[in-house]
Amino acid sequence: MTSDIVLALDVGGTDTKMAVFGEHPEEPPLLTWTAPTRASEGPDIAFATLVENARVLLRRASELGRVVGGGLAVPGIIDEGAELLINAENLGWRDRRLGAELSDALGVPFNFGHDVRTGGLAEWKLGAGRGESDLVFVPIGTGIASALVLNDRLIDAHGFAGEVGHGGFVEGPDCPCGGRGCPERTASAAAIARRYTERTGRPAPGAVDVLRAMHEGNADAAAVWHEAVEALGQILTAVVRVTGVPLAIIGGGLAQAGADLFDPLGAAIDRRLTVHRRPRLVPAQLGKSAGVRGAGLLGWRAAREA
Ligand SMILES: [Zn+2]
């Protein structure tokens, strides 16, 4: 008997992660594979590369079962409800119906979603948010974004929900988004490393190096870390004040910091809330595979809707 399987693709600026999932999405993938996205070669090459990667994945998957659907996670502004990619700055794509385009090219129904929301979908259904109806997922890496689940629905607001890493402040360092003092410029893992280097002249390849310096008693490292935690506290407090979510799942590289992050972050949030419910703060469980696992869930959705 041939089992039904789905394709999953997580398109990043540098690499595209791919996987094949069976009928139990909580189980590990049957196959994983990574290939360059080739975004720097222009929008047409990037799209041709995506189709070619998906074709190779389809060929390899066909040996494992009957491919009934495919899912895709993409960065940018994505209106999931309208099945429309409005703009993916890194890839040069605008106004694309990626699901329909891939379905036509491969002969398999495809569904697609925003990379962070797709990762959030996976954390909600398969990871740290299982069984919850309301939560926010905040991956902190080179940038900061969020995915919001309210009343058992992933909120997309036609593609504009969840951009907590930018805006909200009018003073501070310039940000590539055109704003000033954006939280992402203080609290992303990349910003922590950069700000430590700016302050001390010492190289810090990543936030983990700043953390190590802090543990060795370095006051600059402690100050940079403290400012990052305060900015994250502001972001999460804003989300909780508006939505009342009882659970915040912290993902990305920074979540690896454990108590060094979660203890002061909990305190920073506590200080800023009054009548509100305190959210539980937990680390994400799926790590870097959240996007591709969520894409697998979108693949099953495409199969059911076909
Ligand atoms: Zn910004």
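Let's start at Gly129. Not counting residues up to four places away in sequence, Gly129 touches Glu123, Trp124, Leu135, Leu247 and Ile249. Contact here means heavy atoms within 4.5 Å.

Before I go on, the ground rules. This is a predicted model, where local features need pLDDT of at least 70, side-chain atom pairs count only at pLDDT 80 or more, and totals for chains, interfaces and linings use all residues. Residues are numbered from 1 along each chain as its sequence is written, and side-chain values use heavy atoms, with hydrogens and water left out.

Back to Gly129. Gly129 sits in the loop between H3 and strand E9 (135–139). Helices (H or I, at least four residues) and strands (E, at least two) are DSSP runs, numbered from the N terminus. Is Gly129 buried or exposed? Gly129 is buried, at a relative accessible area of 0%. Buried means under 20% relative accessible area, exposed means over 50%, and partly exposed is in between, with a 1.4 Å probe and protein chains only. Gly129 and Val282 are 153 residues apart in sequence, yet 9.2 Å apart in space, C-alpha to C-alpha.

Glu132 is in that loop too, between H3 and E9. Glu132 counts as partly exposed, at 24% relative accessibility. Leave aside neighbours within four places in sequence, and Glu132 is in contact with Trp124, Asp152, Leu247 and Arg280. Glu132 and Lys17 are 115 residues apart along the chain, and their C-alpha atoms are separated by 27 Å.

On to helix packing. Two packed helices are described by the angle between their axes and the distance between the axes. Axes are lines fitted to C-alpha atoms, for helices over the stretch in contact, and angles run from 0 to 180 degrees between N-to-C directions.

Take H3 first. Helix H3 (residues 115–126) packs on helix H9 (residues 290–305) at about 80°, with the axes 7 Å apart. That makes H3 roughly perpendicular to H9. The classes: under 35 degrees is roughly parallel, over 145 roughly antiparallel, 65 to 115 roughly perpendicular, and the rest oblique. Which residues meet? From H3, we have Thr118, Gly119, Leu121, Ala122, Glu123, Lys125 and Leu126. From H9, we have Ala290, Gly291, Arg293, Gly294, Ala295, Leu297, Leu298 and Arg301. By class, the contact of H3 with H9 has 7 nonpolar, 4 polar and 4 charged residues. For those classes, Ala, Val, Leu, Ile, Met, Phe, Trp, Tyr, Cys and Pro count as nonpolar, Asp, Glu, Lys and Arg as charged, and the others, Gly among them, as polar.

Next, H6 and H7. Helix H6 (residues 207–215) and helix H7 (residues 219–243) pack at about 125°, with axes 7 Å apart. That makes H6 oblique to H7. The crossing of H6 and H7 is left-handed. A crossing is left-handed if the near helix is turned anticlockwise from the far one by less than a right angle, and right-handed if clockwise. H6 contributes Ala207, Val210, Leu211, Ala213 and Met214 to the contact, and H7 contributes Ala221, Ala222, Val224 and Trp225. The class count for H6 with H7 is 9 nonpolar, no polar and no charged residues.

H1 passes H2 in a right-handed crossing. On H1, the contact uses Phe47, Leu50, Val51, Ala54, Arg55 and Leu58. On H2, the contact uses Leu98, Glu101, Leu102, Ala105 and Leu106. The contact of H1 with H2 divides into 9 nonpolar, no polar and 2 charged residues.

Rings of Phe, Tyr and Trp (its six-membered ring) pair if their centres lie within 6.5 Å; planes under 30 degrees apart are stacked, over 60 edge-to-face, and the rest tilted. How many aromatic pairs are there? The count comes to 1. The rings of Phe47 and Trp93 have centres 5.9 Å apart and planes at 80°, so the pair is edge-to-face. Phe47 lies in helix H1 (residues 43–62) and Trp93 in strand E7 (residues 93–96), so the pair ties together parts 46 residues apart in sequence. Both Phe47 and Trp93 are buried.

Last, backbone angles. Most residues other than glycine have a negative phi. Asp95, in strand E7, has a positive phi of about 45°. Asp95 is exposed, at 57% relative accessible area. Asn151 has a positive phi of about 50°. Asn151 is in the loop between strand E10 (147–150) and strand E11 (153–155). Asn151 is exposed, with a relative accessible area of 65%.
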